[in-house]
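Subject: Structure handover

Hello,

Please find the structure below, followed by notes on what was found in it.

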Amino acid sequence: ELELRGMSVNLPPAWPGLANIEGGLRLRNGEIKVSGLRGMFGPLALPVVELQTEDLMSTPRIHASASGPLVIAAEDEGSIKQLLEQHGLKQLSGIANVKLQATYDWSKSDRLDVLGSLELDGVEVETYPTAIHFQDLHGKVHLQRSKDFDISFKGLRGVMDQARVEVDGTINHIGSKSMLLDGRVKADGRRLAELVSVLPILKPYQPDGQIDVDAKVRYQFDKPEKLHTAGKIKARDLAMHYEQYHLVQGDVDMSLAGQTAIIEQASIQLNDQSLHIRGEVAGIRTPEVQLHVSSPSLDIDRLLSKPVKPGCQAQEPAMESPVVIATSINQQAVEPGGDIRHSHHTDWINQLILHLQADIAQGQYRKEGFRNLKSMLDYESGLINAYSVEVSVGEGSIKASGKGDLRYPDRMMFSIEPNVSNVPLESLSRLAGLEETLLHGPVTIDGVISGHAGNEKELLKSLTGNIDARVGPGRIRSKTALGDS
């Protein structure tokens with residue numbers, strides 16, 4: 001039997017040493033029993049450790065337990081800093097009351113089984129290399145490791161980068177394909193700019209604003225289709241910037257239900273244009289989006305304007321025809337020689353189901369004013385099952401409806417039923433992105449047209465249908481050596 005007092009043990013250079021070791025050690029018949037062991041592991045004041053071994057020379061069995069406070073006393077040593085960084089931490093301080101049991105039985109497996117808990121009392125943690133700062137952490141963490149590794153959190157609360165955070169829940173089967181998250185998270189006053197370090201995918205969007213979350217989530221990694229959520233998300237003074245799009249003054253209220261995120265209301269300023277959005281996003285593997293967008297006044301030219309350099313004016317959208325625009329978009333999205341169903345760039349488009357409605361009280365497009373714009377789009381996996389638009393221009397109106405097939409970029413099928421009544425031809429030309437016409441006067445159009453678009457030449461060759469167009473009364477302007485006449 002040995003009674004230990006003031007002992008120290010040097011460990012490998014990368015580890016801090018053991019110091020101030022006290023306790024009792026007994027060796028009898030090939031068994032070691034340690035009782036009341038205390039000490040310092042670098043800056044850690046260790047809890048009381050009990051340990052017993054059996055059959056050390058054949059099939060070792062080790063039983064250990066620890067109970068009492070685990071205290072961080074200091075963290076200035078270089079070895080401590082290195083050890084913390086190896087485990088993803090930059091700073092660690094505070095008190096945790098430990099109750100822990102561990103068993104190691106070589107005859108059954110080489111696995112270490114652990115059961116116990118940590119009760120945090122004012123712990124402070126900063127992660128490494130991504131600096132996420134947790135302060136004043138309180139609550140209970142339960143650990144269990146046998147065949148699987150499970151962690152549960154009860155009443156865990158604290159401050160995360162100056163925002164209050166509360167967590168209750170479990171993480172089961174850690175490290176396996178069937179890892180399961182099941183719990184509740186509540187965070188008040190979280191700044192979006194501070195989430196960039198946690199979610200680097202947000203960095204290009206330069207997010208800012210405040211977000212409040214109170215949500216329950218159950219998610220199994222190998223069965224994402226069984227995701228279940230419930231709760232509320234609120235964002236205030238939301239701001240994001242990406243290329244020519246600048247979103248500011250965004251207020252969003254969302255609720256979570258099952259696999260559906262419901263946008264109860266969203267009011268945003270996008271490129272200085274006010275938009276109000278309602279709707280929902282449902283599903284995981286096949287997302288279905290329903291959106292209703294409205295605005296009291298919308299300048300589409302400003303909404304789509306290109307980036308503005310300091311001291312310069314915003315540029316107008318390019319006056320390209322809809323065919324050129326649609327072809328360009330699809331050629332960028334789909335691999336050459338491929339189709340939208342087989343391109344890895346467009347998996348989300350292939351899966352997407354979209355139902356969109358828009359109501360715009362008034363606005364302008366290509367400097368042409370309009371009123372009472374109403375539109376609808378029903379899209380599913382590359383197919384436009386139906387679309388319609390209705391808008392007032394001048395003393396007349398424009399209506400159109402139809403469908404389309406966007407799955408093949410070299411042969412995009414479409415049909416359209418235009419109905420134009422008493423709209424100035426020059427206004428219609430500007431809205432369509434065409435060159436200025438020499439005909440001036442009201443135009444009325446009815447008919448049905450279908451075809452396919454890959455480029456403008458193919459478009460003209462493929463057009464079929466009937467169009468009844470009437471222009472006038474009006475005038476024809478011609479250019480002469482003396483000017484317009």
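Buried means a relative accessible area under 20%, exposed means over 50%, and partly exposed is what lies in between (1.4 Å probe, protein chains only). This is a predicted model, in which local features need pLDDT of at least 70 and side-chain atom pairs count only at pLDDT 80 or more, while totals for chains, interfaces and linings use all residues. Residues are numbered from 1 along each chain as its sequence is written, and side-chain values use heavy atoms, with hydrogens and water left out.

Confidence

The pLDDT is the predictor's confidence in each residue, from 0 to 100. The protein chain averages 83, and 85% of the residues score at least 70. Residues 307–312 have a pLDDT below 50, and beyond near neighbours in sequence this stretch has four contacts in the model (heavy atoms within 4.5 Å). Residues 317–345 are also below 50, with 48 contacts in the model beyond near neighbours in sequence.

Salt bridges

A salt bridge is a side-chain nitrogen of Lys or Arg within 4 Å of a carboxyl oxygen of Asp or Glu. The count by this rule is 12. Strands here are DSSP runs of E, at least two residues long, and helices are runs of H or I with at least four; both are numbered from the N terminus.

One of the salt bridges joins Arg184 and Asp214, whose closest N and O atoms are 3.2 Å apart. This pair links distant parts of the chain, with Arg184 in strand β12 and Asp214 in strand β13, 30 residues apart. Arg184 is partly exposed at 25% relative accessibility, and Asp214 is partly exposed at 29%.

Another is formed by Lys232 and Glu264, at 2.9 Å from N to O. Lys232 sits in strand β14 and Glu264 in strand β16 (residues 260–270), so the pair ties together parts 32 residues apart in sequence. Lys232 has a relative accessible area of 42% and is partly exposed; Glu264 is partly exposed as well, at 36%.

Glu3 and Arg5 also form a salt bridge, with 3.0 Å between the closest N and O atoms. Glu3 is exposed at 60%, and Arg5 is exposed at 65%.

Aromatic pairs

Rings of Phe, Tyr and Trp (its six-membered ring) pair if their centres lie within 6.5 Å; planes under 30 degrees apart count as stacked, over 60 as edge-to-face and the rest as tilted. How many aromatic pairs does the structure hold? There are two.

Tyr205 and Tyr242 form a tilted pair, 5.1 Å centre to centre with 35° between the planes. Tyr205 is in the loop between β12 (180–191) and β13 (208–220), and Tyr242 is in strand β14 (residues 228–242), so the pair ties together parts 37 residues apart in sequence. Tyr205 is partly exposed at 34%, as is Tyr242 at 37%.

The rings of Tyr219 and Phe221 have centres 5.2 Å apart and planes at 65°, so this pair is edge-to-face. Tyr219 is partly exposed at 24%, and Phe221 is partly exposed at 39%.

Surface patch

Leu438, Leu439, Val471 and Ile476 make a nonpolar surface patch of about 350 Å². Patches are made of residues with over 30% relative accessible area and no salt bridge; like charges are joined within 9 Å and nonpolar side chains (Val, Leu, Ile, Met, Phe, Trp, Tyr) within 5 Å. Accessible areas come from the Shrake-Rupley method with a 1.4 Å probe; for residues, only the protein chains shown count as cover. Leu439 lies in strand β25 (residues 439–440) and is partly exposed, with a relative accessible area of 34%.

Regards
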